[in-house]
Amino acid sequence: MQDEPRRVAYVAHCLMNQNAKVSEFAKCAGVFSPLVERLVKNCFELQQLPCPEMSHMGAVRWWASREQYDTPGYRRHCRNLAKSVVDLVMLHQDAGYDVVIVGLDGSPSSGVRLTSTKASWGGRPEGAVHGGSDRRPGMGIWMEELKFEFEERGLAFPRATGVAMDAQDFDLQKAMLELDEFLTEGKENAA
Amino acid sequence: MIREDLRSRRIAVIADFVVNPGSALYGRQQAPPSGFTDALVERGWGIMKMPPHVAKPESCERLIEVSVGDLIDYRKNGYDVVIAAVEDLPQQGVWLDAMIACFKKVGKDVPPIVTIRSDATAVDADALDGALAPAA
C-alpha cells in the first residue's frame, strides 16, 4: 500500500545531461549525481525538462545573456515546449503526484531564483564576453514561459527552486544544503 | 581564463520506465531507478530521458522532435549517441518509431540502437559502451 504521497521532480535538462551545457559550463561528465541521489533518497521520481537553448542554438552556441534570449521567437520556442511539459505535469497531477521543479540558477533560460544579465552583449563576439555575464534575481526566459503556460491554463506554478551551478560563486555544499531544505520542506507539507 | 569543462561528449537516450520503474503511471509501487541507470550515471553518460511511453502521443510529439534535433546536432559536432530501446515495452519505451520518423524526415541516420529489457541491470550498460562508434 502506498502511504506517502507520490512525488516527482521536473529537473532542468542539463542536470541529467551536462553535454547540453554551453562551452566551459559542464561541471561533471553527464548526470549531476548529487541532485539525483537526493531526489531518490526523498522518493522523488525524475522527469527531465527539454533544453530550449540546445534545440534553438545547438551544442556549439555562444555564451548568451538573458537579454539576448529575450526575443519573441525564442519565447515562442519555449512556449511550444512548455505546452508539452504542462501536459505531462497534468498527467502526474491527475495520478496524485506532488510536482516540483528544479531549475538551474544563474542560467539565462533555466534560472528559477537567479538569472544572467548583460545588456551590452551582441554583435562581434571576439572579446565581447570577457568576464562573463552578471547575475541578478529572477527567472530565465524558459522558466518564465513555463510559468506563463501554467498560468494560462489556470494552474498554479509548482513549487520550484534552482541549483546555482551557473552562478559565478557556485558553492556545491551550500547548494545541496538548500536543496535538502527544499525537498524536506515539501515532504513535510505533502505529508 | 578558460574554465575546465568536464562533459563526457556521450549521450544515452533512455526510457522513462528504466528511470522510474515504480511509477504510478505504470500502475506500480515506488522503486528506485534501476541498476542500469545507476551504471550510466557512474560511467559518465549524459542522459536524455524520453517522455513516459504511456503519455498521450500528442503531448510528446514536440518533445520527441526537439530531442531528435538535439541528437542530430550532437552527432554533427562529434558527440557519441546511443539509443537504449526496451524490447518488452510499447514503442520500446523511447517512442522509437516516432524518433526514427523524425530522423528520416530530415534525411539523417539513426544513431546506434542497443536493445535492453525493462529489468536491465548494470551489466546491460556494457552494451552501450560497446555501441560507441564514430559520429556520422
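## A first look

Which residue takes a positive phi just after α5(A)? The residue is G154(A), with a phi of about 75°. Helices and strands here are DSSP runs, numbered from the N terminus, with at least four residues (H or I) for a helix and at least two (E) for a strand.

Residues are numbered from 1 along each chain as its sequence is written, while chains are lettered from A and ligands numbered from 1 in the order in which they are written. The model is predicted, and local features need pLDDT of at least 70, side-chain atom pairs count only at pLDDT 80 or more, and totals for chains, interfaces and linings use all residues.

## The two chains

Let us start with chain A, which has six helices and six strands. Along the sequence they follow the pattern β-α-β-α-α-α-β-β-β-α-β-α. The C-alpha atoms of chain A fill a box of roughly 60 × 35 × 25 Å along the principal axes. Of the 191 residues, 49% count as buried. A residue is buried if 20 or more other C-beta atoms (placed from the backbone) lie within 10 Å of its own, exposed if 12 or fewer do, and partly exposed in between.

Chain B has five helices and four strands, in the order β-α-α-β-α-β-α-β-α. The C-alpha trace of chain B spans about 50 × 35 × 30 Å along its principal axes. For 136 residues a compact globule would have a radius of gyration near 14 Å, and the 15 Å of chain B agrees. Buried residues make up 44% of chain B.

## Where the chains meet

In all, 36 residues of chain A are in contact with 38 residues of chain B; contact means that two C-beta atoms, placed from the backbone, lie within 7 Å. On the chain A side, α1 (33-41), β2 (44-48), α2 (52-57) and α4 (72-94) each supply at least two residues. The most come from α4(A), with six residues.

The residues on this side of chain A divide into 17 nonpolar, 13 polar and six charged. In this count Ala, Val, Leu, Ile, Met, Phe, Trp, Tyr, Cys and Pro are nonpolar, Asp, Glu, Lys and Arg are charged, and the others, Gly among them, are polar.

## An enclosed strand

Strand β1 (residues 7-11) of chain A has five of its five residues buried, so it is largely enclosed by the rest of the structure. R7(A), A9(A) and V11(A) point one way from the strand, and V8(A) and Y10(A) the other way. In a regular strand the side chains alternate between the two faces of the sheet.

β1(A) pairs in the parallel sense with β2(A) over five bridges, where strands pair if DSSP finds at least two bridges between them. Y10(A) stands opposite Q47(A) in β2(A). From β1(A) the chain crosses through α1(A) to β2(A), and this β-α-β crossover is right-handed: with the strands pointing away from the viewer, the path from the first strand over the helix to the second runs clockwise. β1(A) also pairs in the parallel sense with strand β3 (residues 98-104) of chain A, over five bridges, and here R7(A) stands opposite D98(A).

S109(A) lies in the loop between β3 and β4 (114-117) of chain A. This serine is buried, with 29 other C-beta atoms within 10 Å. Leaving aside neighbours within four places in sequence, its contacts include I141(A) and W142(A).

## Two positive phi values

Most residues other than glycine have a negative phi. C43(A), in the loop between α1 and β2 of chain A, has a positive phi near 60°. Q91(B), in the loop between β3 (80-86) and α4 (96-105) of chain B, has a positive phi near 55°. C43(A) is partly exposed, with 16 other C-beta atoms within 10 Å, and Q91(B) is partly exposed with 18.

Conventions
Rg over C-alpha atoms; globule rule 2.2 N^0.38 Å.
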